[in-house]
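Subject: Structure for you to look at

Dear colleague,

I am passing on the structure we spoke about, and below it you will find notes on what came out of the analysis. Please read them with the model open beside you.

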Amino acid sequence: MSSARRPLLTATAAATLLGALWFVPSANATQDSGAREQSTEVDAAAAVHSATGVDGTRLADTGSFDSTPYVVGGTLFLTVGAGFVVYSVRRERLGF
């Protein structure tokens, strides 16, 4: 690879990273209605549901948050990144 292409490759990698980060959702700390209003609505819906005995669609209680895929993915990306750093340093020392 020519050294003239290296800045182009770096710019392409940076643009790709920024493009991927564009799709990461942002967290907003605002809500449409107050917390008391929401809990009252949920309590009223639960009371109606239990009183009528109608079996509607409800969200499942999934338990604790499973972070295994995130830990495995993060470890994989960290390993690949460290491999690129080692490869780059080794290549520089050998004079390629």
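Accessible areas here come from the Shrake-Rupley method with a 1.4 Å probe, and for residues only the protein chains shown count as cover. On that basis the accessible surface of the chain comes to about 9300 Å², of which 64% belongs to carbon and sulfur atoms.

Please bear in mind that this is a predicted model, in which local features need pLDDT of at least 70 and side-chain atom pairs count only at pLDDT 80 or more, while totals for chains, interfaces and linings use all residues. Residues are numbered from 1 along each chain as its sequence is written, and side-chain values use heavy atoms, with hydrogens and water left out.

The chain has 3 helices and 0 strands, where helices (H or I, at least four residues) and strands (E, at least two) are DSSP runs numbered from the N terminus. Of its 96 residues, 0% count as buried, buried being under 20% relative accessible area, exposed over 50% and partly exposed in between (1.4 Å probe, protein chains only).

After α3 comes G95, with a positive phi near 85°.

In helix α1 (residues 6–22) sits L17, which is exposed at a relative accessible area of 53%.

Best wishes
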